[in-house]
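Visitor: I am new to this model. Please show it to me, and let me ask how you know what you say.

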Amino acid sequence: MKNIIQEIKEQTRIAECTQRQKALVESKSLPKEEPRRDFLKKMALGGLTLGGLVSLPIEETLAHTTSRVNRNSAPSDLKITDMRYCVTRVMGRTAIIRIDTNQGIYGLGEVRDGADERYALFLKSRIIGENPCNVEKIFRMIKQFGGDSRQAGGVCAVEMALWDICGKAYNVPAWQLLGGLYRDKVRLYADTPEASSVEEQKKLIQYRIEEQGYTWLKMDVSIGELRGKPGTVVNSKFWENNQGRLAQWGDNNYMAYANRMHPFTQIQITDKGLEELARIVENVRGMVGYDVPISTDHYGHFDLNNGIRLGRALEKYRLAWLEDVVPWQYTEQWKSITEAIETPTITGEDIYLLSNFKNLIHNRAVDLIHPDLASSGGLLETKRIGDYAQEFGIGMAMHQAGTPISFMANVHCAAATENFLSLEHHSVDVPWWEDLVKTTDGRKLIEKGYANVPLNAPGLGIELNDEVVKEHLIEKDKSYFEPTPQWDDRRSHDRTWS
């Protein structure tokens, strides 16, 4: 019995090597990988048991056991051959990249919302010819080219795509490569819908909870809501734009309010202003009840003292967290805020790499961390961030505002990280968002406020719906994964030490 099985294994190995060599010689552009099946599962489905192997002639046994093996998937021989892109209208502009290989297997990644696709294309010359399954090695090669927030978009996009390829090559979901599964569905949090009246907003929130099934909500508590209400904000007129607004984004003027870090505006909130903001939160809490956590964000650019006053004014509503009250870089200020209020504090969506989270974690300056996988370093680095925070008793929620590509990368990471709490879904009300992709195992992407974790589909478990994506490309660039030979050549010496 033992000798026969050994002979089968040897003959199978020889047959695979021969076929692989033949395929590599015949074509440099092999067809896309077909779905592969687990060896033992195939035997069971085919009615062939281990005992049955002994009773069949060796030729028939080999033919049966290798009939569905994809000869074009030889992970140790994989090489990166190309990187291409398209730019979708998700969140204004969000780029998707595709990394191709010499065996037809490809991986999808995403450059964080609002970032330039060239952050990723710049890395093409650094990774061409590498084996995509050496994910950590490639990440260490390119991580020096990432930075905080959207400057990390290229590195993270590449890392996502590599795990997609690796999972497809080994026929396992990405979460399995990260160490295994803690949960088979991932809890999502969604923004509370806005409306012109309290009655209309109540209907929309009921729809969000009862029909869509979300069990965690998030809302903005912005001093922008105090516009036109005299006596609520000090020193706001100086910072208003031409439309009379305190615009937090989109102003190219470096000295504008949008680009002034919180300690440097000297804006303050009056007691009347705090009462108005508390009333807004009270209305939503009254609609939602206390079974559903409510997170908050986007308060405005004011200092830690006003942040503490706001936090205390909202404490009785038992919010899930106060997010990004001050910029993440100010560890001591965060620690002061956290120690002064009862509501949990959280930051991290713009932090790149575990090393930059450590100061906040070591000092217990925040109660929770909030990485955006498309900025923090990708799947593995984000899992490491979560694991590290857990050692200090700190939980991890995850920020996400991109296409279904980064969404699914987050889902795999969340499934494999024990101290995970909830994942943001920023495009709940975009009707075509889910249609950008199709799941490779036929499951629903989102069901009743939870993301379904792909239990069997390899890689990220999704493929693009090409025609739908093409309908939602940005106006300035309608190209769709066109060749990018202009990014093939490396033009610098990249070593950072002497």
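Guide: This is a predicted model. Start with the second largest pocket, which holds about 970 Å³ of space.

Visitor: What makes a residue part of the lining of that pocket?

Guide: A lining residue has an atom within 4 Å of a pocket point. By that rule, 38 residues line the second largest pocket. Nearest its centre lie Ser222, Gly224, Glu225, Leu226 and Ile280.

Visitor: Which elements give two or more residues to this lining?

Guide: They are α10, β5 and α11. Helix α11 gives the most, with four residues.

Visitor: How is the lining of the second largest pocket divided by class?

Guide: It has 13 nonpolar, 14 polar and 11 charged residues. Gly counts as polar, so Gly224, one of those nearest the centre, is in the polar class.

Visitor: How do you know that the span of α11 is close to the expected one?

Guide: The expected span is 1.5 Å times one less than the number of residues. Helix α11, residues 271-288, has 18 residues, and 26 Å is expected. From first C-alpha to last, α11 reaches 26 Å. Gly289 follows α11, with a positive phi near 85°.

Visitor: Why are some residues of α11 called buried?

Guide: Because their relative accessible area is under 20%. Among them are Gly273, Leu277, Ile280, Val284 and Arg285. What covers the buried residues includes α10, β5, β7, β8 and α12.

Visitor: What about the largest pocket?

Guide: About 1600 Å³ of space lies there. Its lining has 41 residues, with Arg150, Gln248, Trp249, Glu349 and Asp350 nearest the centre. By class, 10 are nonpolar, 16 polar and 15 charged.

Definitions and conventions. Residues are numbered from 1 along each chain as its sequence is written. This is a predicted model: local features need pLDDT of at least 70, side-chain atom pairs count only at pLDDT 80 or more; totals for chains, interfaces and linings use all residues. Side-chain values use heavy atoms; hydrogens and water are left out. Buried means under 20% relative accessible area, exposed over 50%, partly exposed in between (1.4 Å probe, protein chains only). Contact means heavy atoms within 4.5 Å. On a 1 Å grid over the protein atoms alone, a cavity is a set of points where a 1.4 Å probe fits but cannot get out, and a pocket is an open set with protein on both sides within 12 Å along at least five of seven lines; lining residues have an atom within 4 Å of a point. Grid points are joined across faces, edges and corners, and a volume is the space filled by probe spheres set on the points.
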